[in-house]
Amino acid sequence: MMWLLWVVADLTRSARRLPHRESADPAADAEAVARLAGGDPEALADIYDRHARLVYSLAFRIVGSQDEAEEVVQDVFVQAWKQAAKFDRARGAVVAWLLMMTRSRAIDRLRANRGLPTAGEISEVPDPADPSFGPEVRTLTAEQLAKVHAAIQALPLVQRITIELAYYEGLTHLEIAERLEQPLGTVKTRIRLGLMKVRDAVLETGA
Amino acid sequence: MNGADQEHNEELASLVALNIATVAERSEHAQAIVAAPDLARLTGELRQTVLAFAQAIPLLDPPGYVRERILKAIGARVRAAIAPDGAGVSARPWLMAAAVLLAAGLTAALSTLFYRGQVADLRDGLARANDRAAAAEREVVDIRRTLGLAEERSRVMMSQAAVLMAPDMARIDLGGQAPVAPSSFARAFWSRNRGMVFAAEKLPATPVNKVYQLWVITAGQPPISAGLLAPDQQGSVTAFFSTPPDIPAPVALAVTLEPAGGVPAPTGEKYLVGLTGL
């Protein structure tokens, strides 16, 4: 009996277009945050114009909804305004600080929408005075980013998916193990192996 | 520190960097840093790595009204913070009456200018609103397109993940065939219930009007076409195939070079071959 019922679902790799990046200017960012801390609303406009695109894109990637992504963007910039006085330039880049807040806010919304707990260790908004927000966190140039992007794409699929479930969906390692029907130890190993490989790529770029 | 300890510390650092560590794991990580100072450096490097994931996404422009909304909200807060509260003001009645008369006179004198300004402002506002509406419509179209692509990519990725995580998943390695593709290689993951993921590397560029075609070979049956493959410029391709659960177990997989559009039975030279062992 003929059973030629194979269906081709996808024959090509996913699109790998790397977006245009705004030029990073950490000094101008830090200066703007200092003005913001002094109560200058125009400073927020400066920071917004430089980073809103990246903040909105990450928020949209996580929450998957334009309305909610807009809410996240507003939350993040209001939070930045409130916390500007505590920001210490020596501790890290402004954009890194914004992105960490974006991820936390977006994942909080995502998890709340799914009826998952949002309080606790997986949902905390990074505080610029928190020592875990270290000075090592820097943004990458477009050239560095292209290399890191290639390293991410080169990860074995199981490692990449595991990390993406953690980073973009905010799942804990326990939840990932349940989702993928894999032992917790396997999930942790895949996270470790995947991140270490991408870390090597990051270090090779000199970041 | 032995290798197992090192791996455990790397694991802790990874979970902390991703911000998914439990309270107990965070505590263990903090204690481990004391015993192994290099762990702090590693954690920092992994934080940098995690940040790269945030930047490795396609960029989208936020709608213009978001900026306006945020700046307006912040401006209102700033004004509220610096506005006088009015305490201690105790104007006398006659002074209040004089102020009312003065205000009325000023209102009369300025009314013409005021209303002219109002009309101009309304016109400007209407024009801006029209611009925003047009921009919003364009953004909706863009977002829908982006969302469609994202949903399709997500669907394929989840299908691939389902195959890779399937309890009955079998791996089939394919080797490149001399002389046409001696350095090519591929790997397939097949689950009877969830389908097949196929990934190949270093396939030679296809000639004009030719295409790679993947074949499933079962015992006693002619080869069955699984589909066509379109490698990128590096000769890499990853594909997902949904498969009916009642097919006979494949005994081999092969990739041949065929006329564009594919053929019902293999006619071209074999580039990749692998036995399933099922």
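Where is the place of B:Lys202 in chain B? B:Lys202 sits in the loop between strand E3 (195-201) and strand E4 (210-217) of chain B, where helices (H or I, at least four residues) and strands (E, at least two) are DSSP runs numbered from the N terminus.

Before we go on, note that this is a predicted model, in which local features need pLDDT of at least 70, side-chain atom pairs count only at pLDDT 80 or more, and totals for chains, interfaces and linings use all residues. Residues are numbered from 1 along each chain as its sequence is written, while chains are lettered from A and ligands numbered from 1 in the order in which they are written.

Back to that loop. Most residues other than glycine have a negative phi, and most peptide bonds are trans. B:Lys202, not a glycine, has a positive phi of about 60°. B:Asn209 lies in the loop between E3 and E4 too, and its phi is near 65°, again positive. B:Lys202 is partly exposed because 15 other C-beta atoms lie within 10 Å, whereas B:Asn209 is exposed, with 8. Here buried means 20 or more other C-beta atoms within 10 Å of a residue's own, exposed 12 or fewer, and partly exposed in between, with C-beta atoms placed from the backbone.

Chain B also has a cis peptide bond, from B:Ala178 to B:Pro179, with omega near 5°. B:Pro179 belongs to the loop between strand E1 (170-176) and strand E2 (185-191).

Finally, turn to helix H3 (residues 66-83) of chain A. Its 18 residues should span 26 Å at 1.5 Å a residue, and the end C-alpha atoms are 25 Å apart, which agrees; the expected span is 1.5 Å times one less than the number of residues. Buried residues of H3(A) include A:Val72, A:Val73, A:Phe77 and A:Trp81.
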